[in-house]
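Hi everyone, thanks for coming. Today I'd like to walk you through how two protein chains meet, and then look inside one of them. Have a look at the structure first.

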Amino acid sequence: MQRYSGFGLVKHALSHHENWQRQWRNPAPKKQYDVIIVGGGGHGLATAYYLAKEHGVKNIAVLEKGWLGGGNTARNTTIVRSNYLWDEAAALYEHAMKLWEGLSQDINYNVMFSQRGVLNLGHTLQDMRDIQRRVNANRLNGIDGEVLDAKGVQEIVPILDCSKRARYPVLGASWQPRAGVARHDAVAWGYARAADALGVDLLQNTEVTGFKIRDGRVFGVHTNRGDIEAKTVGCVTAGNSGVLAKMAGFRLPLESHPLQALVSEPLKPILDTVVMSNHVHGYISQSDKGDLVIGAGIDGYNGYGQRGSYPTVEHTLQAIVEMFPIFSRVRMNRQWGGIVDTCPDACPILSKTPVKGLFFNCGWGTGGFKATPGSGHVFAASLAKGEMHPLAAPFSIDRFHTGALVDEHGAAGVAH
Amino acid sequence: MFQIYCPYCEELREEEEFHPKGEAHIARPLDPEACSDEEWGDYLFFRDNPRGVHHELWVHAVGCRKFFNITRHTVSYEILETYRMGEQPTITAESVSGDLAGRESAATARQEGVRA
């Protein structure tokens with residue numbers, strides 16, 4: 001792999017940038033691999049990268065039915081934070097946050113991780129009590145956080161309507177300074193390039209159509225490009241996890257919903273942090289390009305169509321204009337949807353399954369992007385050992401039968 | 001935006017009058033105390049979540065406020081039928097024709113666009 005550096009940029013300028021190496025190969029599928037990862041999004045590519053880098057697995061394939069990072073990885077609002085309430089979830093998301101902090105150096109790819117801070121607004125007394133509880137829990141878990149009053153919020157975001165005249169006045173917020181945003185495409189591409197450099201085969205346009213299972217053990221997959229064998233298969237397929245589980249003969253406690261986002265026309269810099277509100281239900285940041293990146297709620301019905309409904313867009317923009325009257329005449333440029341696999345307790349599933357050798361990493365619902373490095377890291381360790389990593393263990397499918405749920409609806413940021 | 005036919009109001013109304021309530025035809029176990037953890041967890045949490053024909057419960061929240069069922073395609077979003085509580089669907093995943101499958105692949109091609 002050709003390393004990227006400032007010096008390299010100057011060197012390539014001399015040949016008019018015409019000799020850059022391709023970022024990854026486009027290999028033909030082999031007959032057999034040690035580990036197959038189904039799903040070439042951020043989580044799947046990160047899993048492959050850490051498997052190759054930290055666990056010395058040489059023979060890995062990532063199977064992607066479309067193109068790398070073409071699903072939810074490139075459809076989210078790029079927010080990264082770790083201020084979750086419960087110990088289990090906080091540990092997992094904070095593990096990811098620590099990896100984010102060194103990610104660009106680790107994979108030699110600028111993921112534009114910008115720790116510009118995230119505000120979670122409170123609009124009612126109960127909101128503020130919940131925020132205090134969550135921030136206290138965060139600090140006990142070693143995660144940075146502060147409770148701000150309305151004046152403190154106003155200092156950070158002067159354009160936010162913090163007046164008492166608002167329909168839902170801002171009473172305060174939780175503030176995580178280490179949180180921020182990252183460029184989502186770069187995360188997928190960076191992991192893909194780094195994994196490819198370690199010998200991982202990235203197989204695009206390769207759709208899994210079934211599993212080869214014998215005596216309750218997986219030994220390969222059927223694809224549109226022929227059968228491929230592997231004793232360990234990890235599925236990281238977000239919204240389509242239920243479809244794959246059905247192929248393997250079991251059900252998951254998931255429902256797939258469209259979640260949409262939209263961006264405005266580019267503006268001059270006006271918002272240098274991330275503002276989220278559960279109560280009026282919208283979240284917003286400004287990209288480096290200048291567009292306002294706005295997140296919406298999920299559509300309430302199940303759906304696999306990667307588009308959102310107009311009533312949801314309208315509700316979201318009502319919330320944004322409620323918070324930022326200054327944006328009332330900003331024009332929206334693009335709108336799209338991704339399919340999120342929501343879990344009843346708003347926490348992911350990282351788990352073994354009834355089929356031996358088949359593992360699932362799914363159920364991230366509306367908030368998977370922030371966990372990409374951590375999810376890949378612990379899932380890779382689990383696939384390598386055949387036993388779930390300690391950080392992943394609480395997120396087994398079994399919890400829906402034992403009742404040991406990790407209820408993160410409060411911190412997940414989007415009402416389900 | 002959906003135009004949904006409420007089987008009680010017997011009229012087409014706009015989507016915003018309604019709320020979706022998840023998968024239909026999930027019967028509460030008659031004797032919950034006698035359920036194993038497995039059965040109770042399956043009842044509470046596990047869903048079919050199909051990519052295709054889906055039977056789901058809706059409520060006409062700002063209309064007649066009655067619950068009813070919709071059979072809908074989860075890729076094309078086409079509403080195939082609506083029917084009252086206690087009735088069974090006439091259209092199911094097994095009964096749909098190749099015509100519907102064709103429309104689904106067209107919808108999928110539209111949404112997924114170019115390939116890598």
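Let's start with a term we need: buried area is the accessible area, taken with a 1.4 Å probe, that two parts lose on being put together, summed over both. Please keep in mind that what you see is a predicted model.

So how much do chain B and chain A bury between them? The value is about 2,900 Å², with 50% of it on carbon and sulfur atoms. On the chain B side, Phe45(B), Phe46(B) and Asn49(B) supply 25% of the area that this chain buries against chain A, more than any other three residues. In terms of residues, 32 from chain A and 31 from chain B take part in the contact.

Now, what holds charges together here? In general, side chains of opposite charge can pair when their charged atoms come close. Between chain B and chain A the count is one salt bridge. You can find it where the side chains of Asp48(B) and Arg251(A) meet, at 2.8 Å from N to O.

Which parts of chain B touch chain A? Strand 3 (19-23), helix 1 (37-45), strand 4 (53-59) and helix 2 (98-112) of chain B each supply at least two residues. Helix 1 of chain B gives the largest share, five residues. Sorted by class, this side of chain B has 13 charged, 11 nonpolar and seven polar residues.

Helix 3 (residues 87-101) and helix 10 (residues 372-385) of chain A pack with their axes 7 Å apart, at an angle of about 105°. Angles of 65 to 115 degrees count as roughly perpendicular, so helix 3 of chain A is roughly perpendicular to helix 10 of chain A. Among the residues making this contact are Leu92(A) and Trp100(A) from helix 3, and Pro373(A) and His377(A) from helix 10. The contact has six nonpolar, four polar and no charged residues.

One last stop: over all chains, the structure holds 22 salt bridges. One joins Asp201(A) and Arg25(A), with the closest N and O atoms 3.2 Å apart. These two residues are 176 residues apart, so to speak, in distant parts of the chain.

Conventions. Residues numbered from 1 in each chain as written. Chains lettered and ligands numbered in written order. Predicted model: local features only at pLDDT ≥ 70, side-chain atom pairs only at ≥ 80, totals over all residues. Heavy atoms only, no water. Contact = heavy atoms within 4.5 Å. Salt bridge = Lys/Arg side-chain N within 4 Å of Asp/Glu carboxyl O. Helix = DSSP H or I, 4+ residues; strand = E, 2+ residues; numbered from the N terminus. Nonpolar A, V, L, I, M, F, W, Y, C, P; charged D, E, K, R; others polar. Axes fitted to C-alpha atoms, helices over the stretch in contact; angles between N-to-C directions. Parallel < 35°, antiparallel > 145°, perpendicular 65-115°, else oblique.
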